[in-house]
Amino acid sequence: MSDLEAPLRPRRKKVWVDYFVKLRWILVIFVVLPISFTIYFLIYLGDMKSEWKSYKTRQKEHDENVKKVVKRLKQRNPSKDGLVCSARKPWLAVGMRNVDYKRARHFEVDMSAFRNILEVDQERMIARVEPLVNMGQITRVTVPMNLALAVVGDLDDLTVGGLINGYGIAGNSHLNGLFADTVVAFEVVLADGSLVRATKDNEYSDLFHAIPWSQGTLGFLVAAEIKLIPIKEYMKLTYQPVVGNLQEIAQAYTDSFCPRDGDQDNEEKVPDFVEGMVYTPTEAVMMTGRYASKEEAKKKGNKINSVGWWFKPWFYQHAHSALKKGLFVEYIPTREYYHRHTRCLYWEGKLILPFGDQFWFRSLFGWLMPPKVSLLKATQGEAIRNYYHDMHVIQDILVPLYKVGDAMEWVHREIEVYPLWLCPLKMFKLPVKTMIYPEPGFELHRRQGDTQTAQMYTDVGVCYAPGPVLRGEVFDGAKAVRRIEDWLIENHGFQAQYAVSEMSEKSFWRMFDAGLYEHCRRKYRAVGTFMSVYYKSKKGRKTEKEVQEAEQAHLETAYAEVDQPLD
């Protein structure tokens, strides 16, 4: 058996859930899609109503809503009430991990009103927004101004709060870092009800660096000030087919945005956007984009492709066509490019609606797409949810750029998921050690893509039904995720926390650094008020007693060797 050959597995006996999942498209078409469309329309009307209001009016409403949060927190009796969390229903989250922490007795705070864009400051190049503002909403406002957030999540439904407290990446993260790296100020209501504004250089600088990846366990985020960048009307996108083994594909991917001479900060040599899709162990397409003006896009001979129309081919399949017709270039309206994966949810739409990519369906019903992820979760039930955990993989794994080939080979051997998504990001060297951090001494090696201030990482998106499942073979999803996590720990990688985690607490704090996070938990009195980030991420049901015992055990036993941060 060759190094890349997947192990032989016995056939798996089908159970009733297999047939239910196979026919789930009936429920999706007749229930989920119509309700999703209605919800999207109502949300759109709500966004329009908000935009009609002046910034002054929105700010006044914001201040009133913050007062309600403060008042609610001060009503809590720590000796009687459970730990604090938002009143948001578990199924409303876009992330795929279990949110069983809300099954324990808890003290709810309603955050549903925080969905307004408070200000777009074109002089300071800052957008001040509330945490439930989503990417579709913000791009609808900023793109006509030829402005955009420095990092725009690919799916419309991704919210500012989720991208900050959890994980947020885009095709230009090789320039600007993760979504949280583009925030200049956080406005947070702490456990004692006080409202603070944290920046990288004020008295709350420790909190500023600790909030990303904290999953809302340090306080309630009520607003954020985020960098804006100038953009143009179109994205000039180049599709480059690559044929070779996985190591050769990884090198082609690296070469698409990292000059071999190390001149990584040269705008002429580095594209504005980068994305790779690996369709098989020997075939991939690399896409590089540069902003282009309307005048350039409409020049004679240039092709404009409005990928956002409901009847258009799904983007990942459109990109796949480069493997047949070779390298090609086209111009895509910028906002449509930002949200190119929304309609088909990357390629998960193919599993949800097996015929959803067909021309007849796209033409007749494509305008109903996509189904809301929250509704898919709400209608799946316990048995279906457990089935997906066992027979499906949705993980974003962050690995150093020079290890991407090794990561893809490992995924192929152990899980065999295709397509794979490749998206680079800068992992900045910060003045303090945060939960995620670059490899110590990376700047001494000067590997391709690295600079003195940041190490280049890549998000390898592993999202689909594994090959063994598609072939009807035995597959243990929980065991596969544990192997992913072990590999990441050994290779200084990180797991996006929206996904299902199988890690023990000890393993969790081997992957992530606890020092600054626990320092802020104690300093800002989050301990005993908010659940710890590990226990919030941990899979499985949680009783109040388990939550409290785990919280106390974590305080008494340090699982990680941490550097003590400065007060």
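**Notebook: cavities, open sheet and helices**

I looked up the second largest cavity and found it lined by Leu 149, Ala 150, Val 152, Asp 154, Ala 170, Gly 171, Asn 172, Phe 273, Tyr 291, Tyr 338 and Arg 340. I note that the model is a predicted one. I sorted this lining by class and recorded seven nonpolar, two polar and two charged residues. The space in the second largest cavity comes to about 50 Å³.

**Other cavities**

I then asked how many cavities of 30 Å³ or more the structure holds. The count is three. For the largest cavity I noted a volume of about 80 Å³. Eleven residues line the largest cavity, and I listed those closest to its centre as Tyr 40, Leu 155, Asp 157, Leu 345 and Val 373. By class, I recorded seven nonpolar residues, one polar residue and three charged residues in the lining of the largest cavity.

I traced an open sheet of eight strands, with antiparallel pairing and the order 12-9-11-10-14-15-13-16. I checked its edges: strand 12 (328-333) and strand 16 (494-495) each have a single partner strand, so one side of each lacks a neighbour in the sheet.

I next examined strand 10 (residues 273-280) and strand 14 (residues 420-428), which run antiparallel and are joined by three bridges. In this pair I found Val 278 opposite Leu 420 of strand 14.

I followed helix 8 (residues 246-255) across the sheet and saw that it lies over strand 9 (234-243), strand 10, strand 11 (283-292), strand 14 and strand 15 (454-464). Relative to strand 10, helix 8 runs at about 165 degrees.

**Helix 17**

I asked how many residues of helix 17 (residues 404-414) are buried. Eight of the eleven are, so I describe helix 17 as largely enclosed by the rest of the structure. I listed the buried residues as Val 404, Gly 405, Ala 407, Met 408, Glu 409, Trp 410, Val 411 and His 412. Among the elements covering them I noted helix 8, strand 10, strand 13 (393-400), strand 14, strand 15 and helix 20. Just after helix 17, I found Glu 416 with a positive phi of about 60 degrees.

**Helix 16**

I turned to helix 16 (residues 381-391) and recorded Ile 384, Arg 385, Tyr 387, His 389 and Met 391 as buried. Against which helices do the buried residues of helix 16 pack? I found helix 1 (16-22), helix 19 (467-470) and helix 20 (477-490). I noted that helix 20 also belongs to the cover of the buried residues of helix 17.

Methods
Residues are numbered from 1 along each chain as its sequence is written. This is a predicted model: local features need pLDDT of at least 70, side-chain atom pairs count only at pLDDT 80 or more; totals for chains, interfaces and linings use all residues. Side-chain values use heavy atoms; hydrogens and water are left out. Two strands pair if DSSP finds at least two bridges between them. Helices (H or I, at least four residues) and strands (E, at least two) are DSSP runs, numbered from the N terminus. Contact means heavy atoms within 4.5 Å. Axes are lines fitted to C-alpha atoms, for helices over the stretch in contact, and angles run from 0 to 180 degrees between N-to-C directions. On a 1 Å grid over the protein atoms alone, a cavity is a set of points where a 1.4 Å probe fits but cannot get out, and a pocket is an open set with protein on both sides within 12 Å along at least five of seven lines; lining residues have an atom within 4 Å of a point. Grid points are joined across faces, edges and corners, and a volume is the space filled by probe spheres set on the points. Ala, Val, Leu, Ile, Met, Phe, Trp, Tyr, Cys and Pro count as nonpolar, Asp, Glu, Lys and Arg as charged, and the others, Gly among them, as polar. Buried means under 20% relative accessible area, exposed over 50%, partly exposed in between (1.4 Å probe, protein chains only).
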